[in-house]
Amino acid sequence: MGTAGGQGEYSPVRLLNRAPTVLNDKVLICRNYKGDVDMAEIDRFLPLLMQHEEEGLLCPVLSHGKVHFMWIKHSNLYLVSTTNKNSNASLVYSFLYKIVEVFTEYFKELEEESIQDNFVVVYELLDELMDFGFPQTTDSKILQEYITQEGAKLEVGKSKVPTTVTNAVSWRSEGIKYKKNEVFIDVIESINVLVNANGSVMSSDIVGSIKLKTMLSGMPELRLGLNDRVLFGLTGRDKGKTVVMEDVKFHQCVRLSRFDSDRTISFIPPDGESELMSYRINTHVKPLIWIESVIEKFSHSRVEIMVKAKGQFKKQSVANNVEVRVPVPSDADSPKFKTSTGQAKYVPEKNMVVWTIKSFPGGKEFLMRAHFGLPSVENNELEGKPPVTVKFEIPYFTVSGIQVRYMKIIEKSGYQALPWVRYITQSGDYQLRTNV
Amino acid sequence: MTDSKYFTTTKKGEIFELKAELNSDKKEKKKEAVKKVIASMTVGKDVSALFPDVVNCMQTDNLELKKLVYLYLMNYAKSQPDMAIMAVNTFVKDCEDPNPLIRALAVRTMGCIRVDKITEYLCEPLRKCLKDEDPYVRKTAAVCVAKLHDINAQLVEDQGFLDTLKDLISDSNPMVVANAVAALSEIAESHPNSNLLDLNPQTINKLLTALNECTEWGQIFILDCLANYTPRDDRESQSICERVTPRLSHANSAVVLSAVKVLMKFMEMLPKDLDYYGTLLKKLAPPLVTLLSAEPELQYVALRNINLIVQRRPEILKHEMKVFFVKYNDPIYVKLEKLDIMIRLASQANIAQVLAELKEYATEVDVDFVRKAVRAIGRCAIKVEQSAERCVSTLLDLIQTKVNYVVQEAIVVIKDIFRKYPNKYESVIATLCENLDSLDEPEARAAMIWIVGEYAERIDNADELLESFLEGFHDESTQVQLQLLTAIVKLFLKKPTETQELVQQVLSLATQDSDNPDLRDRGYIYWRLLSTDPVAAKEVVLAEKPLISEETDLIEPTLLEELICHIGTLASVYHKPPSAFVEGSRGVQHKRLPGSAGSVESPDPGAAATETPPAVIPSQGDLLGDLLNLDLTPTTTTGPPPPTTSGMQMGAMDLLSGGLDSLVGLLHQGPPSLSASPSTTTASFGGLDDLFDLGGGVGMPMGALNPPKAVWLPAMKAKGLEISGVFVRRAGVIQMEMTLTNKAMSVMTDFAIQFNRNSFGLAPAGPLQILTPLSPNQSIEPLNNLQVAVKNNIDVFYFSCQYPISMLFVEDGKMERQVFLATWKDIPNDNESQFQIKDCHLNSDAASNKLQSSNIFTIAKRTVEGQDMLYQSMKLTNGIWVLAELRVQAGNPNYTISLKCRAPEVSQCVFQNYEAVLKN
């Protein structure tokens, strides 16, 4: 296998067992939830995985006899769930990712050391997260109210089940207090683009995300107003530009049936940071940073690369931290660069040149040239054709034109609260195929 | 200091030391010791010897310590059953603790101790916890019932826990409801016929309400449970769909997929012309597309499911081709699945784009992916005729790359293209021949040899080419040997003069030097054919080949329907029914989609409103009640049934409960029609909807065209009640028409009728899937036997009658051509049965017309050697497809019929029906 050593974490789940980690082919921690799969079955997992990997048939579900392994990998740990039933596979994977999220929030990093350092809490968490293969409470903010790393705090009598655990509002506790009531809204749009080698845009879309940092007392009722075309169509208002969201996904807290009936986004927010919603917009986006690249490979001698980057957005805006990543053959050597702005750097372990431009104003055009030597004895291993990829951020701007029209905050104590909004557009999966 | 220090002690005598520490007086030391024990357990050391010492630490007021001890117990109780009893007292005590966390912890752990001996001690604590005031304890206790059931099902039933669990579905707390649903579903899965999840409109409503309030996981349990429900009619179906669609906006992919499952299933019941049906289709596409932005493993599950959805309802994603374009950094399993879906969505409208993409992929480096991309180009050519030429030239470009596996894959698909479009692209043969030497894979070699043999007359050096393969004949794989044998024989038949020697050589290699029986047999057949009748040989070997189907890898329709019912689960990922990979699931029913819209009629709302439901109608009767949609309203108001009735009905139920379960519902006949005179009163019952047409009411005149009725129940056997009847199929509705005659001396009232469970369930409207076809104990009887019970104020009478199976052939039984081909191939040969129909003097067209009138549809006709082969399909009301090949030889009054069906038991009936129709 690609990474060293075969460490893995096995985590368990749904109908079955185990949580935990493998250290040198050993399970780090595991939990058998149902008792219907023999704990020893997990020993077959790593060999099976390696066998599939060698055959190039890697798959998230592996099976051996009547036992099925569903696994994900987090850094060098494998989280594996085993089952012998027709389990709900999507639930299993969602749950495994949830475990990663919860452990990460508890221990900062999910890795072998953090599991061992906290194995008592890990067992406690595994007990609360799932029962008999049914996921239970997985909200780490709520879990932290009654499962803490300082065991001493847990003396009997002091710890009670927070009522939140079983409430309909299972994501926010009562009695939260802030001196100053504020909510920060981040609207972040990521642009996904796939451009063919001949320069035509094969597919493009925008994935937006609205994140909240809520610092509000009590149990506030919030209503978020966007310039959503469907909403404006329903209410018959038309105030300027509206946006058509192809698909919207909401945090647990948003009342989905309400949104379904009248497009109102109403909710009681979780405390602190959370992703309130995400949306997808299908409109054809002009790639904000356009790349033209010419990569010429002269076998046994050299590679010459010319890349032109053009900012196809408003002159008033500026893209920050732009990175253009251009693939080079794995056996290239002695790099030489020339750039009209920014810096180019060869990253041999990733077989690419990274051209960094700290500040890229709209409408401008920049150039980078690179020259590499090639060995006279050719690498006979066939190499893929990785695309050029681009990273950037453009603040104060959303490509789709989505806007927060209002955020209404009502709490029974009647306090005044301030909403703050920030917009940013960034690159998502931004790929331009090359000829070589 | 972190807990990792506990992992470091590995000295000898460790167990002994731990024992001492566990028995220490100091609390802190005890706790440390337990932590060390758990740490050892975690790394896989056997610390079971410390069992009594650890259990001694159980009675503590330190919650953390208690949790650790419980954890230890769960791990080792099974290996120390006798000592595990020591823990019982503490469990019982902890279940009474004032702190709900401890009560829940105790009840949660209890269920995980899989020791039979102690389970019964746990019943009382569990009973209390199920009624606990704290929802956290109740939700934990609900799951505990499922755990206990897994250990000792009988105990759980005897203790009445299942009823308590059912009551929790009405709990005020959403999490308790969700866990109760999960536990019940889990238990029901192992007891498919227990009717545990007694889903009715009231419970469904409760579940839908809880859906809005519970956690994401609870929503999944509820949605998965809802998917097992079959709505009574399209209106109910629509109203459930309307309440489920908001879940498509949930951030959790698993919630979305479970909602998709419910919608895909219930959509079956909606009439296609309904506006809402179109709305729903439109609502499904965006969330399915968004699933592709999830984590790769979830993308994979989504793609496997989209593959099913695209086959069942291609219209949903037909405009979404672009989202399936492969990204460079997609994991290989995602790439391969995307490719598969791209081919399924390929159409004339998007073929140019698709081809450009496929060409791009074919130059990647991942071998499996590249191969599949090349193959995909070939499939596009076959699927979209207009693109064939472009596909072929793309394939030729790829052959020019000389990348070995690309060339081989291309040749394999070009062979298929030749078969699909004969005499169109043979000009490329020369290019193919240039690459002959580079072919080292059997499939590619066989394909190339096939091409050379098939087009031998246009390839000047065909003999040389084939001869070159012959040198290493014995080293070739069987596939190549067989192909080579056939190709050389073809060549000989086409160019006999130059190739005699060659054919001799191959025949002797195949027959004399080979120990492969298939090869030898084929060799001998050719040899004899060639030596006895070269004309016949030509007809056999050079016969026109059937065209290959456009779509490959289509999942057989019945399986596809089942998989749609399992969206999101492992079955949908494997594309296999759960019975194929889950142990002990063999007896479990296969899920089916509910009957399609159109054949479902909703009960007359007017009648429903005035209905006073007679107490005798058992609620589980909805199973069949739904199915038959019986109108249970008395035709006149008769007041409450006379007291005597209930006794009778109880009797009937008892009797029926043996093998005659599933009551259909009762039909009350008002007295006026039958009480008039003790002499002969005739009432005819039509069946409402599928079986009965009560609509016409009493005394409905009989249609003149009806076949004659037969006496089903003679008066002698039924205390004066005579029943005669007949089955007819009119306008897509099966009707059972009966005449009831009172030959007794007294008045008969309070009529009711029930059907026993029968093989075909008879109606697509209801929960057909409950009545799996052909349970074993029924096989002695003709499948089309129907057991009926009729009751009046005197007694309950049973009789049985046979209905012609053609009643069950539905009007939309015409299968798509390519589906037919795929299905025919897919059904194992063991399921094929052959029959002779003698003395039939119709020609094939007349036969075809005649059969069509009983909903047996001819899909294709082929004539070979004056023999007409008719390919036919019919579909039974319960969704079983029967495929037939009818061979009619001009001048020969004997037909041969081959039937293929997933449920081969029906073949005999179907054959009899053919006979009856054709000879009638």
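I took buried to mean under 20% relative accessible area, with a 1.4 Å probe and protein chains only. The model is predicted, so I kept to its conditions: local features need pLDDT of at least 70, side-chain atom pairs count only at pLDDT 80 or more, and totals for chains, interfaces and linings use all residues. Residues are numbered from 1 along each chain as its sequence is written, chains are lettered from A in the order in which they are written, and side-chain values use heavy atoms, leaving out hydrogens and water.

Entry on helix α15 of chain B.
Ten of the eleven residues are buried, so the helix is largely enclosed by the rest of the structure. Among the buried ones I noted B:Trp217, B:Phe221 and B:Cys225. The cover includes α2 and β7 (134-135) of chain A, and also α13, α14, α16 and α17 of chain B.

Entry on the interface.
I found 92 residues of chain A and 106 residues of chain B in the contact, which is defined as heavy atoms within 4.5 Å. Eleven salt bridges cross between the two chains, each a side-chain nitrogen of Lys or Arg within 4 Å of a carboxyl oxygen of Asp or Glu. One of them joins A:Asp127 to B:Arg108, with the closest N and O atoms 3.4 Å apart. On chain A, helix α2 (residues 89-107) gives the largest share of the side touching chain B, eight residues.

Technical notes. Helix = DSSP H or I, 4+ residues; strand = E, 2+ residues; numbered from the N terminus. Buried < 20%, exposed > 50% of the residue type's maximum accessible area, 1.4 Å probe, protein only.
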